[in-house]
Amino acid sequence: MANKTALRELQQRLAERMQAARETTLIANWLAVECAGAGILLSLKQASEIFAPVPIKSVPYGKPWLAGVANLRGGLFTVVDLATYLGLREVAPSRISSPQARLVSLSSEMNLNCALLVDRLAGLRGDDQLPLASQQPTGPVPRFAGALRRDESGRLWQEINLEALARQDDFLHIVR
């Protein structure tokens, strides 16, 4: 009899925990990355895979932001140094300047074998964690720049629309 009661109580506690987990499930919309100290948000619908640093072969006479090409899972990918492309820093002497650097490939739906070199991953974020910031950029902004968001610590994060970025003439001309 005591075993039946204990079993029912256990089932009740498990059901309550499962319900609480369903109610607090985080829906991630963004991959948060850092580039030259700036917080950047990449849509999970537009980003594909994350790769650890691999050897990048430089391309002669390429743009300063063109890190080179790399073999990712047997495919040849153009690698763009996102911080340099965005004008956040000059060309880094060593393209992969830290062990935390990662390559983030664009979604295959964009039909571009391209990966973005970022300095560090900062995790997955949901819209509820990053409300829109009260201040928005006042001057001209690139077409690929989305809204500014602010996290609970007050740090600003810039949305980047990867599809719009990939359509920029200078970007598309080099990446294709």
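# Close-up views of a predicted model

**View 1: Asn111, out on a loop.** Asn111 has 65% relative accessibility, so it counts as exposed. Here "exposed" means over 50% relative accessible area, "buried" means under 20%, and "partly exposed" is what falls in between, using a 1.4 Å probe and protein chains only. The loop that holds Asn111 runs between strand 6 and strand 7. Its phi angle is near 55°, a positive value in a residue that isn't glycine. A word on the model itself: it is predicted, so local features need pLDDT of at least 70 and side-chain atom pairs count only at pLDDT 80 or more, while totals for chains, interfaces and linings use all residues. Residues are numbered from 1 along each chain as its sequence is written, and side-chain values use heavy atoms, with hydrogens and water left out.

**View 2: Arg73, another loop residue with positive phi.** Arg73 sits in the loop between strand 4 and strand 5 (75-81). Its phi is near 55°, again positive in a residue other than glycine. With 70% relative accessibility, Arg73 counts as exposed.

**View 3: the whole chain, for orientation.** The protein has four helices and ten strands. Both come from DSSP runs numbered from the N terminus: helices are H or I runs of at least four residues, and strands are E runs of at least two. Read from the N terminus, the order is α-β-β-β-β-β-α-β-β-β-β-β-α-α. Of the 176 residues in the protein, 37% are buried. Take the contacts (heavy atoms within 4.5 Å) between residues at least 6 apart in sequence: 55% of them join residues at least 24 apart.

**View 4: the largest nonpolar core.** This core holds 27 residues, and Leu42, Val80, Leu106, Leu162 and Phe171 have the most contacts inside it. A nonpolar core is a set of buried Ala, Val, Leu, Ile, Met, Phe, Trp, Tyr and Cys residues joined through side-chain atoms within 4.5 Å. Several elements give two or more residues to it, including strand 1 (30-35), strand 2 (38-43), helix 2 (82-85) and helix 4 (169-175). Helix 3 supplies the largest share, with four residues. In soluble globular proteins, nonpolar side chains tend to be buried together.

**View 5: Phe171 and its partners.** What does Phe171 touch, leaving aside its neighbours within four places in sequence? Its contacts are Trp65, Val80, Tyr85, Cys114, Leu116, Leu165 and Ala166.

**View 6: Ala70, buried in a strand.** Ala70 belongs to strand 4 (residues 66-72). At 2% relative accessibility, Ala70 counts as buried. Setting aside residues within four places in sequence, Ala70 is in contact with Val54, Pro55, Ile56, Gly75, Leu76, Phe77 and Val79. Leu103 is 33 residues away from Ala70 in sequence, yet their C-alpha atoms are 9.9 Å apart.

View 7: Val59 lies between strand 3 (47-51) and strand 4. Buried or exposed, or partly exposed? Its relative accessibility is 35%, so Val59 counts as partly exposed. Leaving out residues up to four places away in sequence, Val59 touches Leu66, Gly68 and Val69.

**View 8: Arg149, a buried arginine.** Arg149 is part of strand 9 (residues 145-150). A relative accessible area of 10% is why Arg149 counts as buried. Beyond its neighbours within four places in sequence, its contacts include Trp30, Leu41, Asp127, Arg155, Trp157 and Glu159. From Arg149 to Gln135, 14 residues apart along the chain, the C-alpha separation is 9.1 Å.

**View 9: the largest pocket.** About 160 Å³ of space lies in this pocket. Eleven residues line it, and the closest to its centre are Glu109, Met110, Glu163, Ala166 and Arg167. A pocket is an open set of points on a 1 Å grid over the protein atoms alone, where a 1.4 Å probe fits, with protein on both sides within 12 Å along at least five of seven lines; lining residues have an atom within 4 Å of a point. Points are joined across faces, edges and corners, and the volume is the space filled by probe spheres set on them. The lining divides into four nonpolar, two polar and five charged residues.

Conventions. Nonpolar A, V, L, I, M, F, W, Y, C, P; charged D, E, K, R; others polar.
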